[in-house]
Amino acid sequence: MRLIYKYRIRYVIGVLFIAIAVNACSTKKNTWMRRSYHNLTCHYNVYWNGMMSLEEGEKSLRQTVKDDYSKVLRVYNYGEKKQAQRLNPKMDRTIKKASIGIQKHSMYFGGKEQVKWIDNSYLMMGKAHFYKQDYISARRVFDYVAKSYPDEPIHYEAWLWLAKTHVQAERYEKAEATINLLQSKLDEKDFPFYVERQIPLVLADFYLAQEKYDDAYPYLERSIELNKDKYITTRVEFILGQLYQKEGDLKTATEYFKSVVKKNPDYVMAFEAKMHLAQTYASENGSSKDINKILHKMLKEKRNEEFMDQIYYALAEVAKKDGNDTLAIQHLRNSVRFSTKNQVQKTRSSLEVADMFFDRNNYVYAQAYYDTAVSSLTKDYPNYDEISRKAGVLTDLVTQAQTIKEQDSLQHLANMDTTELYAFIDKKISDYIAAEEKKKEEEELNDGGTQFVDMSNRGGSGNSLGNGEWYFYNTAALSSGYTEFARKWGNRKLEDNWRISDKRLMMSGDDAVAANDSIPDSTSVGSANPIDRTFYLAGIPNTPEKMEASDKKLIEAFNRLGFIYLMQLNDTVRAQETYIDFQKRFPENDYRLESWYALYKIYNSQNNSGESDYYKNLILSNYPESTYAKVIINPDYYTLLEEEKLKASELYMRTYKAFKNEKFYRVISYSDKGMELYPDDTALMPRFMYLRALSLGKVDTPDTLYACLDTLLVSFPESAVVPRAKALLRKLQLEYGLGVPEEIKEQKKELEANKGKEKSIYYYKENSMHFVMFVANNENIEVNPLKIRLSDFNGKYFSLMRLKVKSLLLNKTQTIITVGNFKNKDEAMNYYNALNNDEYVLSGVAKGDYFLFPISTSNYPLFYRDKNIGGYKDFFEKYYKRD
């Protein structure tokens, strides 16, 4: 910037001298001289206009570029390519003015440029290319100036800009060589001071760009000594603060950040310096009183509303260093709460507070914050897999805990008499109404202001599983949920297909609750309105069958919860509590063996021989042949088991190798041996059976192969080899008719005989665009509700495909509804299969009242013209269902 002001002064002085000279040359014989001065004035004007555009561009760039303060700053920030492109109009104008000046006014003879400002025009042009981030053009221009004007001071500046260009283009070897060349000229008499003071800055930026921070220190410190420009020195001090903080020298870093704040930089840098002061605070270096005072003051400033999440995070850092984890958690939760735009900060705060809750075994809160963090993490985030695993485990834990609470609450209600139950529900309704009225009053007072979600209301105050409050006790949650539901859907009745407002009811309406001595059946349709009793009655297990189903849910939840505590969280205290409670409530549950063994392990780890022997004896007396009993008797049981598995794997590898070498009799022998020795190995047994079947198919008849594959499918329906076995069975059925009933074989023969007698009007093009066509009987099917259900189905399962639903009369009694467009047959068949299995869309629609087919867009007009459903059905069966 100072250089530009220098050019401006030189320009004004030059124009004054030219004007004086022109006025002095008033005689006719001095006309040529006046013309020369006139040309020189024109060049000055062109050059000046170019310099003004360059200066405006530099100013605009500095105002628009943003620094990423989460990383160590660079000395220079020229922005991204997009930001550089915004400068194109100004920089192009600079290049144009420089080119005009050079073309019209350059006088190069005698091996030297005679017009003084031509070299400046070239340099100005190079800078314009540089700011446009056209580094190839910039490099050529700077190299030209440096080599063409060796006797002018400007060539030093050209070398400097050439070094900058190499750094920006990441040509670090070239940059280093250029800087070394420039440094070798420092002792020359005409070496400009404004270039000398920039060399340390360029060298520092050179090392920072390569993250060689140790090498950057001396040049950053030297640049502060040489430069007096406030912008440069403030930025360099901030960088030094970052480097010392990174190195762990918090005291020196603090001094630099304090110096930055004192220099009153732009708002963002001042803010970041204060944030770093919080990060570099160390309790051993003094009290946190001052930094807390600064941060709390920043919270109150209106302009910091957008950065409250970062301020609270900084306060949390200070609190942690002071050893006040409770206060740190409070600040981190506020950081998450107020983080509405900065997703990076929200993720960072969420992870830290989640880890702190997790370390305290407060799993409900930990789950909530891990869930918040994981929702915005990318897979390349450090420790992503571990964070995701924790979130998944805790989500599972919270789900089981909530199931237990919910079923306990419902069973408690089921045990109330009608009078007590209705009194309880009426109290809940009155609380809800009061909460709604209070909420409306608050909304009116706030005038619709922004409301933040207060994470402090999630879960419990101290209990790791929350406060144990039943969902319906939380009137605020009910109010918020019902208001949001009503806003989106209106006042809908709770029923199947409730999203469709205008349709025939698929079930009978709900009756009013009778005021008698029996609790109404909870299977009757409830209300979606929290001021209706039936809203609360839904789900109550008021029959023996429903109570049994509720108990089953509790048993599954208790078993899963104990497993999570013990095996996935290694929290033996809560695992012990869970398993003991589980056995007290459901002593004859299906998981008592697993629970006993878990309690045996827990007490054994606690050296509590009395309790561990108790559960050990229970297992040995009730389940003597179980794996758990074998492990208790022989602790090396699993080692022996692993050895057996290893032997089985080795035998299978030999079997597979023999199969690859087409030694089929050896395969059969090895497979028989494997099936005899390892019948309990559910992973390898089906593989032995599969290789054995294939080998028998090679040395025996197809019937033998078919029988062996069929046995495999029956014995191990979940094995990984099943899809291949099924495909082979199907091939055998098609080619040999194996396993196919006789009537099907006759039909196949009949079709083969008639094949080719009647040529279809349709063409099979599997890669062409397709519709899925629904031909509906108008008399028995209401088309509009069906279209709505189809749209709902599309939105739920195929939202990314943006499918459209259209309808057209086929004839007086039938309507075609098309869904599309699908790229090819496979996409259409995928949709067809999914729709065929959906109860919602096809609810209330009799099979004989509709036909459903995929159809290509080229065949669709042929079908509409022909109107022969049977003809297209034959085509469909032949080409589409064959796969």
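Colleague: What angle do the axes of helix H16 and helix H18 make where they cross?

Modeller: Roughly 35 degrees. This is a predicted model. H16 covers residues 308–321 and H18 covers residues 343–359. Their axes come within 10 Å.

Colleague: Which residues of H16 and H18 meet?

Modeller: Asp309, Gln310, Tyr313, Glu317 and Lys320 in H16 meet Gln345, Arg348, Ser349, Glu352 and Met356 in H18. Contact means heavy atoms within 4.5 Å. By class, this contact has two nonpolar, three polar and five charged residues.

Colleague: How many cavities of 30 Å³ or more does the whole structure hold?

Modeller: Four. The second largest cavity has about 40 Å³ of space.

Colleague: What makes that space a cavity and not a pocket?

Modeller: A 1.4 Å probe fits in a cavity but cannot get out, whereas a pocket is open.

Colleague: Which residues line the second largest cavity?

Modeller: Tyr76, Tyr78, Phe130, Ala163, Lys164, Val167, Gln168, Val202 and Asp205. Six are nonpolar, one is polar and two are charged.

Colleague: Which helix gives the most to that lining?

Modeller: H7, with four residues. H7 (154–168) and H10 (199–209) each supply at least two.

Note on methods:
Residues numbered from 1 in each chain as written. Predicted model: local features only at pLDDT ≥ 70, side-chain atom pairs only at ≥ 80, totals over all residues. Heavy atoms only, no water. 1 Å grid on protein atoms, 1.4 Å probe; cavity = no way out; pocket = protein on both sides within 12 Å on 5 of 7 lines; lining within 4 Å. Points joined across faces, edges and corners; volume = space filled by probe spheres on them. Nonpolar A, V, L, I, M, F, W, Y, C, P; charged D, E, K, R; others polar. Axes fitted to C-alpha atoms, helices over the stretch in contact; angles between N-to-C directions.
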